[in-house]
Amino acid sequence: MKRAGAKRSPRTGVLSLGDLLQHNPEPVPSLIEPGLLPSGGILFVGGEPKVGKSLLVANLALALASGCSRAGFQVPAARRVLICQFELPTPQFASRLAPMRKPIGSAADSNLLIDTAAAGHLLSAPRGLDHFIASIRNAKADVVILDPLYSTHDQDENDTRAMAALCQTLLRLRDASNAALIVVHHVRKSIGRYEIGSAFRGSSALHAVGDSYLLLVRPSPQVPTVELRFQFRYAPAVEPRLLWFEACTSTPAAPHARRKVETADVQRALQASGSARFNELRHQIMSQSECSRRTAQLAIRRACQEGSIVQDDGQYRLPL
C-alpha cells in the first residue's frame, strides 16, 4: 500500500508542453503552509543558541503528526514524523514534549516517532547514513527532523567542499527515504539585518540544497518573543512574524505580523508610570506592542518630534 505523502514517479524524457501540463497540473501542496516545507523538500531552521529553535521545531513536529495548525502555521494533513535529536537525553526530551502535547491530547501519538539511538551515528559515515535510512524506512516517515546538524557529522563547517559533500549526503538521505527534511542548524556569529539563508554556517553550500529557510532572531532579551524571518525557493515571500513563547508550556502562541507602533502606543506606555527613562519606556513599548527594539526607538523619537510626549532631564512624560 502506498503511504500518504509518497512521491508519484514523474514522467521523464522529452515532453511536449501539453504532456508536461497534463502530468503536472498544479504544484504539490506544501506539508506546512504557507510554503514552509515543500513536499519532499528541505527546510533549514537556524538562530543563535537558546533562541528557541528546538522548541519551535518540536511544535512543528507535533503539528505535522497531529494534522493540527500550530504557531500560526497551517498543516493540511497529518504526517508521520521521525525526530532525530542529539542534544537531550531521552527522559529530558520526553519531559520537553509532554507539556507541548497537552493541547492536542493523543492526536500525534501514533504519528510522532523518536529515534532514541540516533546519537553516535554520523551522516558523514556510510554506516551512519545507513542507520538513518533504515530508521526512516522502519518508521515510514514522511518528515525527518535532524536537530542539530553539527551533531550529525565530523566535517569542518568552514570548509566549503566539506559542507558541499555533507549537503549531498542530505540529498541522498532525502531521496533514499522519500521524506522531507527539517534541519536545525546554527548561524554565523555576526549577521546582517536582512540576511536569512546566507546567515547559516556553510551558507554557500546550503543554498544549493535548501528549499526554504527559517531564521529565529530575538528582538530583545527582556521580551519572550522571537522574530521569524523566511526565505523560500519556490513559494512567494512572507513578511517577518513575531512569535511569543509561553514559558510554562514551551508552546509558541500564534505569531503576529509586525506592525508600525503608533504615537498612541507610546503615550499609553507612559500613562501607567507617569514618567520613565528612555530604556524603561522602550521596554514598556516592546512588551506592550510586541515590537523590536528599533521600532520602539523610532516610535519614541517620532512622538517627541510631534510633541506627543516630552523629555525633561532624561525623563519622558506626557505633556501638561
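Where is the place of Glu227? Glu227 is in strand 7, residues 225-232. Strands here are DSSP runs of E, at least two residues, and helices are runs of H or I, at least four, numbered from the N terminus.

A word on the source. This is a predicted model, where local features need pLDDT of at least 70, side-chain atom pairs count only at pLDDT 80 or more, and totals for chains, interfaces and linings use all residues. Residues are numbered from 1 along each chain as its sequence is written, and side-chain values use heavy atoms, with hydrogens and water left out.

Back to Glu227. Is this residue buried or exposed? Glu227 counts as buried because its relative accessibility is 3%. Buried means under 20% relative accessible area, exposed over 50%, partly exposed in between, with a 1.4 Å probe and protein chains only. The Glu227 side chain makes a polar contact with the side chain of Arg229, at 2.6 Å. Such a contact is a pair of N or O atoms within 3.5 Å; within protein, one must be able to donate a hydrogen and the other to accept it, and residues adjacent in sequence count only if both atoms are side-chain atoms.

Now strand 2, residues 81-85. Five of its five residues are buried. Val81, Ile83 and Gln85 point one way, Leu82 and Cys84 the other. Strand 2 pairs with strand 3, residues 112-114, in the parallel sense over three bridges. Pairing takes at least two DSSP bridges between the strands. Ile83 stands opposite Ile114 in strand 3.

Last, the whole chain. There are nine helices and 13 strands. Of the 320 residues, 45% are buried.
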